Amino acid sequence: MEKALACDSFKSHISTTATASLLQTRTGECLDWQQVHYLKRKEENQLVLTGGGSGTAPTNADRLLTYLSSDPTKSFVMLYGDYNSGMLTIKTKRMNMNNALEIDEYVDESGDAVDSPEKYAQSMRARLKNANGQILLACAWTSDDARRKFDMYPEWAGGDDTEDTNSEERPLFTCMGMDHENNTFPIMLAYLPAKGQWVYWWLWKDAIPLLHPGTALQRVRGINSDADPQLTRAIEGVIKIGLYPNALHGWCTWHKINRNFTNDPQYKSLLANAKNINISSRIEVDVVVRWLWYFVKHYEDQSEIELSMMLMKHYLGDEDSQDDHIGQIPQDTRRKIMEFCTKSFFLHATKLFEANFTGMTLKKRTTGANEGTHRALKKHVNGPKPQDNLAESCGKINHMNDNKEKIGKKKTASHDYSQYGKAEDRMSRPIELSEHCNDKLAKEHREHTNYLIYRKGENEFYVKRDYDRFDTSPQDDLSLEYRICQRLLDNIENHLHGVDDTVVQGTLRKLREKLLGDRKGSMPEYRILLAEAMKYVIPRYEHTRILKMEQAFSGDLVLTCSCPGFPKMGHACRHMYALLRRHPSPRDAKIRWHVGYANNYGDDKELTKQYMNLRDKLSLRGVVLTPEERTKIKQELYPIGAGDRDYNFFMCSLGRLKLRGQENYWHQNAMKLPQHLRSRLPYLAEKSPTADNEGIETGVAFEVDEEQVAHGPDLSFAVPFGASQGITQLSQYTVPSQIQHELEPNHPVSVCPPQGASSYNDFLHIYQDLCKMADGNGQEGRQSLLDGLNELRTNQFVISGVSANENGMASFPKTSRKKVAKRIKKVTSPNKRR
């Protein structure tokens with residue numbers, strides 16, 4: 001009985017130490033850790049042998065295959081190399097609907113000119129080989145719950161990888177989605193052999209379509225990842241061949257701003273030194289960082305982006321205007337900030353800024369869903385650990401995800417059959433909608449009283465915020481908050497100079513950044529200063545929204561708005577509530593936000609059919625109006641040509657740029673701005689009659705390639721090459737959209753050029769794998785890697801073809817063929833030789 005209890009604890013992913021403590025409590029016997037660990041390994045091996053093993057000692061790959069095959073609710077795809085008589089073939093293995101394993105030969109079409117499944121299998125032949133002469137390359141899996149959710153909520157997907165989750169040191173790749181409560185769910189999880197283009201191509205081109213048959217891939221609108229060139233090429237490649245026909249690929253802006261700027265060694269020390277000058281300089285730096293986020297989240301079109309880029313260039317580059325700023329940033333720091341913006345931020349606007357993405361992307365511009373999942377997996381007491389084999393790590397991850405899904409289902413079911421206790425909530429929060437959607441609609445509804453209306457036509461209205469009344473202006477007196485923050489900064493700086501202990505110094509620096517920073521946890525006085533400084537410096541624009549009552553294909557009259565709220569989020573906006581003048585209703589949100597959709601989709605066939613019809617065929621662009629609402633809008637509101645304010649108030653920001661607020665930096669320093677900027681600022685229109693004819697000058701400090709800003713970086717995609725194979729198991733679960741649609745087995749492959757743009761980006765993942773192997777092999781591995789690198793360097797010098805002179809001291813040849821810019825001399829006649 002006690003042995004059975006120990007075996008059950010192993011299956012529940014309880015650690016060896018905890019199991020030994022439990023046995024000691026029940027029996028009084030103190031077993032050694034090695035004894036309990038032996039029972040654990042014996043149980044795992046027995047499971048492999050009874051599951052069809054070869055009779056020899058099972059490997060980690062055998063354990064992983066047995067674990068996934070034994071769970072009927074899991075679907076998986078394995079890519080592996082098969083050695084037979086010295087010949088290598090790449091295959092995939094998966095399980096059919098009848099739980100029979102199907103093995104197919106895999107053809108690699110990634111176009112990776114650097115690496116391939118065959119090359120990698122040859123290089124790692126001795127690393128992970130099972131009893132049948134097979135080498136596991138990659139394994140991707142998902143669950144029935146995840147397949148159902150992805151069929152329901154496929155609009156956005158985020159992909160990222162993390163380390164330290166298994167003893168094989170394989171990266172764990174997570175592809176995450178967002179459900180009706182804005183909670184994450186795993187679309188797919190995978191153990192990767194490396195971070196090469198061919199690996200990511202296999203994931204997005206083969207693994208995800210096999211694991212998620214149906215129409216979900218056609219309904220994906222946004223895919224986020226970091227700026228890894230290997231991953232970017234793969235995702236852009238599968239989008240280009242039409243596998244995700246409506247998707248747009250974007251980069252994680254948190255990686256770009258946080259990791260590549262504020263925490264990058266090239267900029268971090270400069271920014272920190274500027275912040276430590278005084279509170280004003282600290283606020284000035286934080287405002288510039290927040291300004292970058294404003295480009296990502298809030299600017300709505302290209303004209304706003306271009307003008308704001310020009311204003312930032314002037315704000316940071318003009319030496320004469322620095323005395324008018326809130327705080328002083330050293331010139332070299334400002335120059336480095338402008339360098340980052342020019343080379344790494346504005347150049348990739350199409351990958352970073354929300355204004356360049358269309359469709360229902362949920363306004364997700366980061367991979368925060370992946371980062372949060374990685375943090376939860378690693379920090380959880382029952383999460384995967386670096387010492388776990390692949391099967392243990394996979395089991396722990398699945399156990400956590402299954403428990404999370406069960407808790408989510410209980411909450412959704414409870415919400416579907418309950419009522420709000422407060423009468424106010426029952427009136428303002430529709431029980432049919434999810435809590436997250438109700439929170440969003442409540443926020444939009446609270447703001448509707450701040451907006452004014454003008455009736456342009458029978459079915460057309462202008463809606464605009466009452467900026468004179470409700471647009472907050474900087475406070476007049478912030479001296480108290482400033483003195484409090486400055487005193488705290490001075491005290492921390494004095495303690496830093498008086499303490500020699502490095503640990504204490506590190507603690508004080510963390511405290512300084514936490515209390516006097518732009519993140520959560522900062523002191524209230526600093527938050528007030530930063531918020532007012534942002535309103536003062538960051539250019540914000542007035543918007544006039546156009547609301548129309550339009551006839552839908554279904555015959556219903558639909559209220560639409562020109563703002564990006566409903567198209568990108570799928571629920572009503574504040575401008576609609578300004579016209580409707582009522583509390584939120586279930587009709588105000590698309591079907592993805594409904595609790596009944598989450599509860600009944602796939603379970604009730606009749607309801608599922610109706611949900612799919614609402615989702616796919618009757619997808620509306622706005623809120624459906626009832627007869628009472630139509631009558632109220634047409635008869636009780638203003639007559640045509642009348643409204644809360646005059647016509648010019650709405651027209652001054654309709655289709656043209658107008659800065660918000662009158663007491664900001666740009667208003668107070670308008671006459672100090674260059675002519676080309678003053679002509680672009682609307683409140684100087686009377687003084688500058690040529691404003692509409694003036695072009696936008698980019699200046700020298702921000703020389704942005706307009707074509708690259710419009711179309712993004714030039715990325716190379718995949719070409720077919722080589723032959724290869726894999727293992728796949730697909731559970732018997734069938735998602736509803738799979739019944740009506742089957743993916744085509746073959747997709748056209750684009751002919752794309754090889755990488756070849758940067759050896760650093762192309763070969764970095766290979767170098768990282770070599771370093772991991774060298775560290776694992778100890779001093780012998782390190783010496784082997786060093787010898788190999790020295791030999792490679794010698795070969796590169798030989799290839800360069802530069803030889804030393806026969807006489808005199810020789811120097812090293814040029815190691816790079818990068819061209820160095822030279823100053824262009826004035827054209828003159830050549831000097832005559834004397």
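This is a predicted model: local features need pLDDT of at least 70, side-chain atom pairs count only at pLDDT 80 or more; totals for chains, interfaces and linings use all residues.
A disulfide is a pair of cysteine sulfur atoms within 2.5 Å.

View 1. By the 2.5 Å rule, the count comes to zero disulfides. Cys573 counts as buried, at 3% relative accessibility. Cys561 is buried too, with a relative accessible area of 12%.

**View 2. Glu168 and its contact with Asn60.** Glu168 sits in the loop between strand 5 (156-162) and strand 6 (172-178). Its relative accessible area is 13%, so Glu168 is buried. The side chain of Glu168 makes a polar contact with the side chain of Asn60, at 2.6 Å. Tyr191 lies 23 residues from Glu168 along the chain. The C-alpha atoms of Glu168 and Tyr191 are 9.6 Å apart.

**View 3. Helix 4 (residues 60-70), largely enclosed.** Asn60, the partner of Glu168, is one of the buried residues of helix 4. Nine of the 11 residues of this helix are buried, so the rest of the structure largely encloses it. Along with Asn60, the buried set holds Ala61, Asp62, Arg63, Leu64, Leu65, Thr66, Tyr67 and Leu68.

**View 4. The largest nonpolar core, with 56 residues.** Trp291, Phe295, Phe345 and Phe353 have the most contacts inside this core. Eight helices are shown with it: helix 9 (253-262), helix 10 (265-275), helix 11 (279-297), helix 12 (302-317), helix 13 (331-345), helix 14 (349-352), helix 22 (524-537) and helix 29 (665-668). Each supplies at least two residues of the core. Helix 11 gives the most, with 12 residues.

**View 5. The surroundings of Trp291.** Leaving aside residues up to four places away in sequence, Trp291 touches Tyr299, Ser308, Leu311, Met312 and Tyr315, among others. Val537, Ile538, Pro539 and Trp666 are also in contact with Trp291. Trp291 is among the residues with the most contacts inside the largest nonpolar core.

Technical notes. Residues are numbered from 1 along each chain as its sequence is written. Side-chain values use heavy atoms; hydrogens and water are left out. Helices (H or I, at least four residues) and strands (E, at least two) are DSSP runs, numbered from the N terminus. Buried means under 20% relative accessible area, exposed over 50%, partly exposed in between (1.4 Å probe, protein chains only). A polar contact is a pair of N or O atoms within 3.5 Å; within protein, one must be able to donate a hydrogen and the other to accept it, and residues adjacent in sequence count only if both atoms are side-chain atoms. A nonpolar core is a set of buried Ala, Val, Leu, Ile, Met, Phe, Trp, Tyr and Cys residues joined through side-chain atoms within 4.5 Å. Contact means heavy atoms within 4.5 Å.
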